[in-house]
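Visitor: Could you walk me through some helix packing and ring pairs here?
Guide: Gladly; have a look first, and then ask away.

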Amino acid sequence: MRCLATLLLMASSSLASAQLVIDGRAVMFDELTNTLLATVSEDCFNQKTVTMSVITGKDWSSCTIDGNSISDDFVFKKITADKTFLVSYKNASGQKCSATLKFTFLPLLQLQGSFGYNYNEGMLLVSSPDAKQTDTLAATIKWRGGSTNTTDKHKRNYKIKLQKNKSLLGLRNDDSWILDAGQADVFRLRNRIAMDLWNDFACPPYYIDKEPAARNGVSGRVVEVFLNNEYRGIYNFSENLDRKQMRLKKVLDGEIHGCLYKGKSWQRTQMFNVFNTYDNHSETLEGFEVKYPDLLDNDTTDWRPLIEASNFALQSPRSEFEAYVTDYFDVEPMIDYSLLLTVTSAVDNSGKNTFWAVYDKENEKKLTIAPWDLDATFGQRWGGLLVGGTNDHSSPRYLSDVDVCVFYQFYRRNTLQFNDRLNQRYQELRQDGKVFSTDSLISRVSYYYHLLKNSGAADRETRKWSGDSDLRGEEIDFDNEFYYICNWIEQHMQILDSRGFPVEYNQDYFDSDGISVPSSDSSVNAASPIYHLSGQRTQQNSRLKPGIYIQQGKKIIIRR
């Protein structure tokens, strides 16, 4: 087979500044392993021979690949995920140099610059096997995340802002991008798999007739990333869930229309507390952060739609809740959200890692819902921690519900036949060939497993990060993890089939016409261990801050 490609190697006294280009596409260099990594079409893999047009830099001489002199047409014999080629040459000083050349069919991204908590200027190189040249783009880049962004972390997440909009790797045309490291996930791609699932079945937001392009999820591509001249491994290169993705109305003539909020932490994001005051000049409200309007772009935002909906969910008597809930909440996506969290056991997405959006508050105050950061799914514990005892989040028997006040109201009262519709929707999607069928769920995992294995990325990721403290010292083994997830899915879905929906809710939250919650520490059994929702045990005899906790397998709400 002949693969039309050009390999340009620019020489220096060392390979630290070496650059490869295949058919116009830059190839990256890892100075820690002295390895050059090129991306080519998957069609080039496992062929008996692949002929490439090879050009070397002007400062090179006596260039060979596997001892064969480089000519305009060089024949590579059977490129595979684990095949290596030895590139040898003399540089301008006459020094003998060599490096290992390997191939992948995943896109390669390189971040050039020095980055930290704040945005710094840099460059982004995007080298895709589907493109004829490498995109070299000016960008500002910073670390991204909360718990994944502390000083002791190693495989960083990144937020990228380009100077202008551009469609990359077949994704949306935009200037804002995310590199998700899957930092605590030994399979690295649970977030991508769960988001793909959501994208394939989720009901669109209520204003879809007005905005046909509106999406309440994000697409992404699996890539391999370099930071300067260091290989950093497998990443999920993703779109942002923002005003543009959800097609919310812009600020017009200083008047706020669309609003977007995100649950950043567990603090009050589950709507079990009344919000009495708020500041439209603050970008945070308890555990929420405002995503639009951004205070950096606008001198004020508007928390009122979120406050009114939250207080309505907590305080409304049954008759009022049933009469007006559709004025405040977009019910159909909420049904699908409940299913997503239960089917994937998304233990970190109730309140926290949840988006709430209003299309145009001047005409309608209704909130619609969308998920984010779905890495604690498919048997993966948040941060690798346990809640304790029978509530091990990794168990296929663990059935997570949506711990948000408005969902509990729906579950408890079966308002608008919510539970019946939930069950009907589950049965519909559980049929053979549909997204919740066991074969379909396993097929999603299998696709990414084989993508990583066949491209060689799984081996590179294992060598780079296995046993790292980001993974709590766990070894990366993609084979074992693939079989673990498949087995987890089979067991979990059998349990869901036997239980029905909603899978559970805490009866103790409710009185005859509303929600009754503890108002002080007096309801807590001091002799029994108490855990944060993250799984961390509280300090013995410490005074609990307002929030939601786990004790003896039950949720406890503390408010003052």
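Predicted model: local features only at pLDDT ≥ 70, side-chain atom pairs only at ≥ 80, totals over all residues.

Visitor: Which are the buried residues of α7?
Guide: They are Phe418, Asn419, Leu422, Arg425, Tyr426, Leu429 and Arg430, where buried means under 20% relative accessible area with a 1.4 Å probe and protein chains only. Seen down the axis of α7, these buried residues fall within an arc of 130°, so they line one face of the helix, the arc being that of the directions from the helix axis to the C-beta atoms. Helices are DSSP runs of H or I with at least four residues, numbered from the N terminus.

Visitor: How should I read the numbering and the model?
Guide: Residues are numbered from 1 along each chain as its sequence is written.

Visitor: OK, what do the buried residues of α7 pack against?
Guide: They pack against α1 (190–201), α5 (331–344), α6 (405–413), α8 (438–455) and α10 (478–499), with contact meaning heavy atoms within 4.5 Å.

Visitor: New topic: how many aromatic pairs does a search of the whole structure find?
Guide: The search finds 33, pairing rings of Phe, Tyr and Trp (its six-membered ring) if their centres lie within 6.5 Å, with planes under 30 degrees apart counted as stacked, over 60 as edge-to-face and the rest as tilted. Among them, Tyr408 and Tyr411 have ring centres 6.3 Å apart and planes at 85°, so the pair is edge-to-face.

Visitor: Is Tyr411 buried or exposed?
Guide: Tyr411 is buried, with a relative accessible area of 2%.

Definitions and conventions: Heavy atoms only, no water. Buried < 20%, exposed > 50% of the residue type's maximum accessible area, 1.4 Å probe, protein only. Helix = DSSP H or I, 4+ residues; strand = E, 2+ residues; numbered from the N terminus.
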